[in-house]
Amino acid sequence: MSTPVLEVDGVSVSFAARKILDDVSFSVNRGEFTGLIGSNGVGKTTLLRAILGLQRLDDGEIRVNGAPQSQRSGSLGYVPQKVILDPDVPMRVRDFVALGLDAQRYGFSRRTKQQHALVEDLLNDVDAAHFADNRVGSLSGGEQQRVLIAHALISQPSLLLLDEPLANLDPKSVQEVVALLHHVVVEHHVAVLLSAHEMNALLPVMDRIVYLTNGRAASGPTDEVIRSDVLSALYGQHVDVLKLHGRVLVVAEPGQDNKDIPEHSTLTVT
Amino acid sequence: MFSSFMVNAWQAGTIVAVVAGVVGFFVVLRGSAFPAHAIPNGAFAGAAGANLIGVNPLVGLGVFALGAALGIGRLSRRGRADAVTALALVMMLALGAAFLSQSVEYEPQIFSLLFGEILGVSSSQILPVFVLAVVCVLSVAVLYRRLLLTSIAPEIAAARGLRPERVETIFLVIIAGATTMTVPVVGALLIFTLMIGPPAAARCFTNRTGLALFVSVAFALATMWGSLAAAFLTNWPVGFFVGTFSFGWFVLGRLYATWHRAHGSPKVRVVLAQ
Amino acid sequence: MHAIFEPGFFSSGPVHVALVIGAVAALVSAVVGVFAVVRGQSFAGHALTDVATTGGSGAFVLGISPLVGFLGAAIFGAGAMDLVGVQRVRGRDLATGVVLGAATGLAALFLFLDTTSGATTGATQTILFGSIFTVASSTIPTVAALSVVTIFVIAFIYRPLLLSSFSADLAAARGISLRVVGLLFMLALAVSVGLSSIAIGSVLSTALLIGPAAAALRLATSLRGALVLACVLGVVATWLGVLFAYDSFYWFSKSQGLPVSSFIVALIFVAYLASGMPVLRRRGERSGAAGRGGPRGTRVEESA
């Protein structure tokens with residue numbers, strides 16, 4: 001059993017006396033697709049930032065490939081939710097992806113043929129080759145996301161982190177992005193950790209789930225976590241889990257304090 | 001126009017234009033409008049102060065420009081677009097005016113510091129200016145890729161450990177260096193246009209980053225040379241021509257961009273139609 | 001007594017003129033400035049000062065009174081901005097910067113032409129940094145009349161102005177013509193820029209417009225309170241500036257004195273910094289002034 005790509009070990013983070021993350025632990029192995037599921041504002045972004053080393057921990061430790069996060073192993077690829085790109089910025093898509101290779105280098109040296117080939121391959125992988133010479137700020141939301149994924153992947157990270165990539169997308173686009181990510185995981189044997197507030201679209205591809213609420217997390221294979229007893233313990237109140245046509249419904253009893261139950265408690269027909 | 005006493009002007013102008021083109025490229029990319037206004041104002045106060053106490057004006061320019069740059073760095077880290085930033089801008093000018101009021105040649109000095117002077121850089125200053133220019137351009141070259149990524153996608157840069165705040169501070173210092181040498185020639189109130197107009201136009205003409213940087217320098221050189229020639233011939237202030245030509249480049253760039261969008265390649269049109 | 005008021009202060013004609021002009025400019029700037037800050041139009045005010053610079057320099061060359069130049073250019077600029085619909089000018093906008101740069105370049109040309117025509121000396125100083133001790137007393141009636149009209153206009157559109165600052169939709173629903181209110185306010189802004197340009201010069205007049213206003217909004221607990229406080233701060237800073245400048249003639253052996261406008265700007269700057277002191281700020285924030293100052297609170301947004 002090789003070292004997990006990511007180990008989150010007893011992590012706690014507080015903001016102004018409010019505990020956002022409370023003793024959160026889980027790990028991600030190479031080649032695994034993990035979903036970080038929780039409603040908006042529950043702390044998913046905080047957790048991602050902590051993994052990236054951008055958020056100080058009050059307690060616990062985060063290890064990437066066995067080494068403590070503070071050493072910045074550089075084996076993390078990050079795709080933020082949205083990057084605002086000015087259409088006037090003079091940079092082509094292919095140059096932006098190439099920047100993922102060598103942004104940390106000082107000075108400039110010409111890129112090798114091998115590097116150019118790498119960029120080309122990746123652009124094809126994410127189906128961005130047909131607009132590779134356009135300005136990076138002239139893209140639609142979906143196109144931009146694919147380019148950001150390519151940019152993150154080109155440095156061959158062991159773990160790809162995505163912050164709410166499915167938010168604000170129409171159902172068809174959601175399916176496309178999920179399929180793309182699954183393909184990427186298989187092709188590049190890279191681990192993926194993505195945050196979302198709705199888990200149903202990810203059920204077909206998710207290997208493991210980290211379910212976050214009230215600052216606490218339950219993690220493991222999807223079937224073992226998405227169960228009434230586990231989730232009830234997490235929420236601190238009784239919830240039922242219904243599985244119907246391959247989808248999940250988490251339903252709280254009426255009359256209880258339901259504000260933290262995320263959206264998969266409502267029925268979406270796709 | 002190429003007599004011996006003008007050689008200084010051409011040398012200084014060329015150096016200044018190259019630095020303004022390079023640094024300006026990133027000023028536009030990063031949207032650093034406020035530092036581009038504030039640092040020259042600080043430099044103005046510094047030059048006025050240096051004049052008062054009889055020190056080399058370059059020193060005054062440099063010290064105050066550096067101070068303004070570091071001050072802005074601290075202010076922007078606090079994250080507020082406060083009135084204090086606008087007031088500090090004006091305060092620097094008022095300070096410079098106060099310094100200059102104590103010297104004998106009040107009027108011509110105010111004018112040349114604010115609006116530029118063909119012979120703003122004396123022959124003894126050419127070498128220090130050249131060295132400073134080399135330092136500025138080399139710094140940009142060394143940080144080239146970091147500057148690019150932190151300008152365009154700061155969150156991704158932060159996630160990669162590239163420390164955008166550090167890069168920003170260093171870049172502000174580079175702006176201070178570029179300002180120090182530019183103010184005597186173009187004037188504190190007008191160097192903003194030299195650092196904005198040519199680069200903003202350049203990026204309308206090409207998608208490729210390196211080429212845009214090169215064109216930015218080319219436009220800045222054209223602006224500077226044209227302004228020096230025109231100022232020499234008409235005796236009018238250099239700053240007037242710099243401001244006007246920069247505006248002209250900007251308009252040209254926007255016109256081209258609009259024309260290109262309307263008549264662009266099918267690929268481009270398809271993308272934009274989404 | 002002599003330590004504070006150097007001899008001849010109270011009897012000096014230019015001082016009287018300076019005090020009157022300064023106070024009037026400060027009052028108008030304070031009132032208009034508070035609304036400018038609340039409406040997020042501080043940068044529009046700054047843009048107008050650059051335009052005023054061009055106008056003032058141009059007037060000087062043509063031998064017209066600078067006041068006419070300042071006002072004419074500022075009003076023209078305000079009208080143009082309103083027409084194009086750029087009232088909410090963003091300081092970071094490249095186009096704005098380049099246009100203002102061209103305007104400043106033009107001002108440079110005008111000032112140069114003036115100095116070479118040999119008519120007057122010190123044009124740059126007078127236009128850009130003001131020369132309040134040399135303002136002719138004959139301008140007082142004009143200045144006073146303009147300020148009365150401007151304040152009257154503000155008072156007249158006070159409620160719609162307030163409402164449209166809080167919520168454009170609400171105001172429109174009430175049938176208030178936003179265009180008219182917006183235009184009137186821009187014109188008021190232009191006049192206040194023109195008046196303060198005469199007092200402390202066009203390049204520095206931004207300080208008189210947003211300094212007292214921003215400080216007052218931080219400290220006051222209501223909009224009316226902010227208006228009063230801004231007027232007080234502005235007038236006090238101006239009068240103290242006149243006083244210190246007059247006194248400064250006696251401070252150094254060279255007796256050249258320091259410029260009035262530099263003192264005024266410095267005082268305003270200090271006042272604003274002082275308004276940020278935790279002791280004072282807590283008082284304002286506890287009463288919710290930050291929220292009631294306007295939809296954008298007390299922050300000056302478009303000034304950078």
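## Two packed helices in chain C

In chain C, helices α6 and α9 cross with a left-handed geometry (left-handed if the near helix is turned anticlockwise from the far one by less than a right angle, right-handed if clockwise). The model is a predicted one, in which local features need pLDDT of at least 70 and side-chain atom pairs count only at pLDDT 80 or more, while totals for chains, interfaces and linings use all residues. Residues are numbered from 1 along each chain as its sequence is written, and chains are lettered from A and ligands numbered from 1 in the order in which they are written. Helices (H or I, at least four residues) and strands (E, at least two) are DSSP runs, numbered from the N terminus.

Two packed helices are described by the angle between their axes and the distance between the axes. For α6(C), residues 140–156, and α9(C), residues 178–200, the angle is about 150° and the axes are 10 Å apart. Axes here are lines fitted to C-alpha atoms, for helices over the stretch in contact, and angles run from 0 to 180 degrees between N-to-C directions. The two helices α6(C) and α9(C) are therefore roughly antiparallel (over 145 degrees; under 35 counts as roughly parallel, 65 to 115 as roughly perpendicular and the rest as oblique).

On the α6(C) side the contact is made by C:Val143, C:Leu146, C:Ser147, C:Thr150, C:Val153 and C:Ile154, and on the α9(C) side by C:Leu184, C:Ala188, C:Val191, C:Ser192 and C:Leu195. Two residues are in contact if their C-beta atoms, placed from the backbone, lie within 7 Å. The contact of α6(C) with α9(C) has eight nonpolar residues, three polar and no charged ones. In this scheme Ala, Val, Leu, Ile, Met, Phe, Trp, Tyr, Cys and Pro count as nonpolar, Asp, Glu, Lys and Arg as charged, and the others, Gly among them, as polar.

## Chain C as a whole

Chain C has 14 helices and zero strands. Of its 304 residues, 56% are buried (20 or more other C-beta atoms within 10 Å of the residue's own; 12 or fewer is exposed, in between is partly exposed, with C-beta atoms placed from the backbone). Among contacts in chain C between residues at least 6 apart in sequence, 77% join residues at least 24 apart.

## Chain B against chain C

In the interface between these chains, 43 residues of chain B contact 44 residues of chain C. On the chain B side, two or more residues each come from α2 (33–53), α4 (83–101), α5 (106–115), α10 (191–205) and α12 (238–263). The largest share, 13 residues, is from α4(B). By class, this side of chain B has 30 nonpolar, ten polar and three charged residues.

One helix pair spans the two chains: the axes of α12(B) and α4(C), residues 94–117, come within 7 Å and cross at roughly 150°. That angle makes α12(B) roughly antiparallel to α4(C). The crossing of α12(B) and α4(C) is left-handed. Residues of α12(B) in this contact include B:Gly239, B:Phe240, B:Gly243 and B:Phe247, and those of α4(C) include C:Val98, C:Gly101, C:Gly105 and C:Leu109. The contact of α12(B) with α4(C) divides into ten nonpolar, seven polar and no charged residues.

## Chain A against chain B

Between chains A and B, 27 residues of chain A contact 29 residues of chain B. Helix α2(A), residues 93–102, gives the most to the chain A side, with three residues. That side of chain A has 14 nonpolar, five polar and eight charged residues.

## Positive phi in chain A

Most residues other than glycine have a negative phi, and most peptide bonds are trans. A:Gln156 has a positive phi, near 50°, and is placed in the loop between α4 (141–153) and β7 (159–162) of chain A. A:Gln156 is partly exposed, with 13 other C-beta atoms within 10 Å.

A:Glu164 also has a positive phi, of about 45°. A:Glu164 lies in the loop between β7 and α5 (171–188) of chain A and is buried, with 20 other C-beta atoms within 10 Å.

## Confidence

Chain B has a mean pLDDT (the predictor's confidence in each residue, from 0 to 100) of 87, with 92% of its residues at 70 or more. In chain B, confidence is lowest in helix α13 (residues 266–273), at a mean of 47, and highest in helix α11 (residues 209–234), at 94. Over residues 267–274 of chain B the pLDDT stays under 50, and the model has nine contacts beyond four places in sequence for this stretch.

Chain A averages a pLDDT of 85, and 91% of its residues score at least 70. In chain A, confidence is lowest in strand β5 (residues 67–68), at a mean of 80, and highest in strand β8 (residues 191–196), at 93. Residues 263–270 of chain A have a pLDDT below 50, and this stretch has 15 contacts in the model beyond near neighbours in sequence.
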